[in-house]
Amino acid sequence: MRTLFETIEQTASQTRRMVLTVLNEEFSGEKVLAVDGKIIWESRSNGFFRAYQKEIAGLTEGGTIDLGGHPVFCDVLGEETKIVICGGGHVSIPVITLGVMMGCEVTVLEDRPSYADNARRAGATRVICEPFEEGLEKVAGDAGTYFVIVTRGHRYDQICLEQIAQKEHAYIGMIGSRRRTTMVKETLKEKGIDPEVLDHVYTPIGLDIKAETPVEIAVSIMAEIIEVKNQKKRSGGYSKEILRAILEQEKDSGRKVLATIVDRKGSAPRTVGTKMLILRDGRCIGTIGGGCMEANVVQKALAMAALGEPKARICQVDMTGADAEEEGMVCGGVIRVLLELI
């Protein structure tokens with residue numbers, strides 16, 4: 001039987017995926033993975049969740065809900081964030097840097113070899129050095145793809161936008177003045193490109209922070225992408241690094257602990273669904289907020305790994321009050337973290 005994590009990896013192309021976990025002791029962390037509202041994997045055959053398939057089919061948002069009087073955490077798995085940048089000029093380079101820092105897969109399309117080399121040196125995951133229309137044929141696009149059009153001229157912007165507008169995407173942003181970008185969009189409407197898609201293109205690209213330098217413009221672009229991304233009602237999901245580490249070490253079961261924030265109140269540093277994998281030697285992959293709060297969770301996780309029990313537990317970290325402030329928990333919120341032996 002495939003494990004949960006193998007199934008998550010194998011269903012990566014699916015867009016409506018949700019992992020549900022019972023949070024009380026009675027069902028001891030029982031889980032299912034649902035795709036398009038249907039259970040495709042379960043930790044216990046015909047277990048708790050089978051009685052609630054109708055309710056599961058109607059779920060769209062992450063967080064803790066009540067099913068039959070039992071608390072259940074719904075982890076809506078988002079797509080891996082991918083940034084596709086058309087153009088390798090002076091604005092593109094800091095966008096690449098910021099995208100890589102955010103853990104995104106960054107693809108750059110640039111038809112000039114020297115500029116393509118600059119993109120490689122900046123750390124782009126993939127660089128396609130071909131004419132834009134040919135390069136874009138190699139980019140599929142999906143619900144997790146954010147397209148950034150920052151070419152050297154409106155002729156190239158138009159070539160890129162015409163192809164991108166016909167691909168699945170999470171975001172399309174195009175640099176340029178309002179007059180220039182409006183002209184490009186009107187031309188494409190006359191060519192039959194869907195007006196609704198064109199009207200939702202972010203132009204001029206980036207949040208209005210009065211940016212002037214290439215780095216400031218890149219910050220405004222990435223801030224806009226973050227804003228759009230975080231409007232989706234999704235939880236943390238599994239990063240590639242965490243999923244890879246779990247799959248590589250699954251034979252060493254019970255030697256690592258997965259920590260997931262399942263609830264938060266106040267100004268906790270990370271959102272519900274954020275995950276961190278704690279290895280037996282104390283190394284961590286990912287973060288749930290850092291500082292003393294995270295250290296507190298790591299200590300509890302290492303104790304679980306050493307004892308081999310319990311298989312799952314909830315721990316609460318209170319970052320309010322004078323004692324928490326003395327210990328460096330300055331955010332002031334309260335989080336509940338699910339710890340699971342993997």
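Which residue's side chain meets that of Asp 142 in a salt bridge?

Author: The side chain of Lys 82 meets that of Asp 142 in a salt bridge, at 3.0 Å from N to O. This is a predicted model, in which local features need pLDDT of at least 70 and side-chain atom pairs count only at pLDDT 80 or more, while totals for chains, interfaces and linings use all residues. Residues are numbered from 1 along each chain as its sequence is written, and side-chain values use heavy atoms, with hydrogens and water left out.

A salt bridge here is a side-chain nitrogen of Lys or Arg within 4 Å of a carboxyl oxygen of Asp or Glu. Side chains of opposite charge can pair when their charged atoms come close. The structure holds 18 salt bridges.

Helices (H or I, at least four residues) and strands (E, at least two) are DSSP runs, numbered from the N terminus. Lys 82 is buried, at 16% relative accessible area, whereas Asp 142 is partly exposed at 23%. Buried means under 20% relative accessible area, exposed over 50%, and partly exposed in between (1.4 Å probe, protein chains only).

Glu 105 forms a salt bridge with Lys 240, with the closest N and O atoms 3.3 Å apart. Glu 105 lies in strand S7 (residues 105–109) and Lys 240 in helix H10 (residues 240–248), so this pair ties together parts 135 residues apart in sequence. Glu 105 is partly exposed at 28%, and Lys 240 is partly exposed at 37%. Elsewhere, salt bridges that share partners join Glu 110, Asp 111, Arg 112 and Arg 152 into one network.

Glu 42 and Arg 50 also form a salt bridge, their closest N and O atoms being 2.9 Å apart. Glu 42 counts as buried, at 13% relative accessibility, and Arg 50 as partly exposed, at 30%.

Now the helix contact. Helix H6 (residues 154–164) packs against helix H7 (residues 178–190) at an angle of about 45°, with the axes 10 Å apart. Contact means heavy atoms within 4.5 Å. The H6 side of the contact is made by His 154, Asp 157, Gln 158, Leu 161 and Glu 162, and the H7 side by Arg 180, Met 183, Val 184, Lys 185, Thr 187 and Leu 188.

Conventions: Axes are lines fitted to C-alpha atoms, for helices over the stretch in contact, and angles run from 0 to 180 degrees between N-to-C directions.
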